[in-house]
Amino acid sequence: PGTSDIITLDGRTEPSSVVVTVPAGATVRGSVVDADGKPAASARVRVQVKSEGMRWSQPRQVYSDDDGRFEMKNLPAKVIEVAALHERGSSEAQEVELSPKTPAEVTIELTHTGVIAGIVVDDAGEPIEGAQVSAWPSFGRRGGRRNRRLMGRTQELTDAGGRFVLRGLADGTYGLRATPPGAPGRGRLWFRESKEAEVGDENVRLVLPADGSVTGKVAFANGDAPDAFTVGFGFGSPTPFTTRDGSFTLGDLPPRGYSFVIRGIGFDDKRVGEVQIEAGKTKDLGTITVTRGRRLAGRVVDAGGSPVQGALIRAGRNIWGDGSSSNAQFGPPWAR
């Protein structure tokens, strides 16, 4: 990525030129070896630019060849973090300073070979095939969120007997969660019960109850239904509905308590809290009455007072932008 100098717009004259300078790319290459020093073929090598605070870069990845060799080009000439994952283990993250003139050479050793194994069953104790088991290290373990972002999730699918094996773990405590086959969205994973396990535990039993669902209707006080609305919970994306009578059904809900938010054009947000979803059952919320919102109208003009066609209007309790627009895409959910 490249950037220009700061450009100031005064609304009257156009800048004479905008120059975006793209720096030369850098290269990192090397080998992935196991704990015995043998080459690790098809190891997943992940790289991200080192950063502080919450501004993380997006990791990139390549796979090692049959000799354990890898190469990644066109990286920023900055300090990066590089790590590798393989079925025989995973590595610590290494910091490497890149230069556009000389490729950096690194050797990545798969030092972490810890295992957690177990079984996923339903409420009746029957094994579940195809369930996804994910593990996160405890928040107090060295490495923090940045390394977890670099390494990605540790996950595995259960076999026909409901068994799973998570490999390449560093010593410590992990939180395990299981999701049923075909479950939508990563966001709902966090609504499922977590069970702690230590590296070396090989008889972990995860009970995965059947999901429940919620149903209901959305209507104004006179009984009319909104043309469109969404039903959401937590920080995941809400589900849109456009039914004639305002009815909705939201499934694949892990059993637990929820607070739902109904949103749509033309009415105020409606929150329905303290809803308890039971395993394998549907909770009927009945008719949810929403209040029509007040109307805000106006006119958009330019600096000379002439009408502006096609302008985008945003309104909210808070407007979040990036300095050049009021795009609220990256603002908190309550500001959108």
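**Strand pairing, ring pairs and salt bridges**

Tutor: Gly 30 stands opposite Val 106 in β8. Please keep in mind that this is a predicted model.

Student: Which strand is joined to β8, and how do the two run?

Tutor: Strand β1 (residues 26-33) is joined to β8 by 6 bridges, and the two run parallel.

Student: Which residues of β8 are on its covered face?

Tutor: In β8 (residues 104-109), the covered face consists of Ala 104, Val 106 and Ile 108. Glu 105, Thr 107 and Glu 109 form the uncovered face.

Student: Which residue forms a salt bridge with Arg 29?

Tutor: Glu 71 does, with the closest N and O atoms 3.7 Å apart. Because Arg 29 belongs to strand β1 and Glu 71 to strand β4 (residues 69-75), the pair ties together parts that are 42 residues apart in sequence. Arg 29 is partly exposed, at 31% relative accessible area, and Glu 71 is partly exposed at 38%.

Student: How many salt bridges are there in the whole structure?

Tutor: A search finds 10. One of them is between Arg 263 and Asp 269, at 3.0 Å from N to O.

Student: Changing topic, how many aromatic pairs does the structure hold?

Tutor: It holds 10 aromatic pairs. In one of them, the ring centres of Phe 220 and Phe 267 are 6.2 Å apart with the planes at 75°, so the pair is edge-to-face. This pair links distant parts of the chain, 47 residues apart: Phe 220 is in the loop between β16 (212-219) and β17 (229-232), and Phe 267 is in the loop between β20 (256-263) and β21 (270-277).

Student: Is Phe 220 buried or exposed?

Tutor: Phe 220 counts as buried because its relative accessibility is 8%, under the 20% cut-off. Phe 267 is also buried, at 6%.

Student: What lies over the face of Phe 220?

Tutor: Arg 292 does, at 3.8 Å from the ring centre. Elsewhere, the charged end of Arg 256 sits over the ring of Tyr 258, 5.9 Å from its centre.

Student: Which residues are in a cluster with Tyr 258?

Tutor: Ring pairs link Tyr 258 with Phe 191, Phe 233 and Phe 260 in a cluster.

Student: And how accessible are Phe 229 and Phe 248?

Tutor: Phe 229 is buried at 2% relative accessibility, and Phe 248 is buried at 3%. The two form an edge-to-face aromatic pair, 6.2 Å centre to centre with 75° between the planes.

Methods
Residues numbered from 1 in each chain as written. Predicted model: local features only at pLDDT ≥ 70, side-chain atom pairs only at ≥ 80, totals over all residues. Heavy atoms only, no water. Phe/Tyr/Trp six-rings, centres within 6.5 Å; stacked < 30°, edge-to-face > 60°. Helix = DSSP H or I, 4+ residues; strand = E, 2+ residues; numbered from the N terminus. Buried < 20%, exposed > 50% of the residue type's maximum accessible area, 1.4 Å probe, protein only. Lys NZ or Arg CZ within 6 Å of the ring centre and 35° of its normal. Pairing = 2+ DSSP bridges. Salt bridge = Lys/Arg side-chain N within 4 Å of Asp/Glu carboxyl O.
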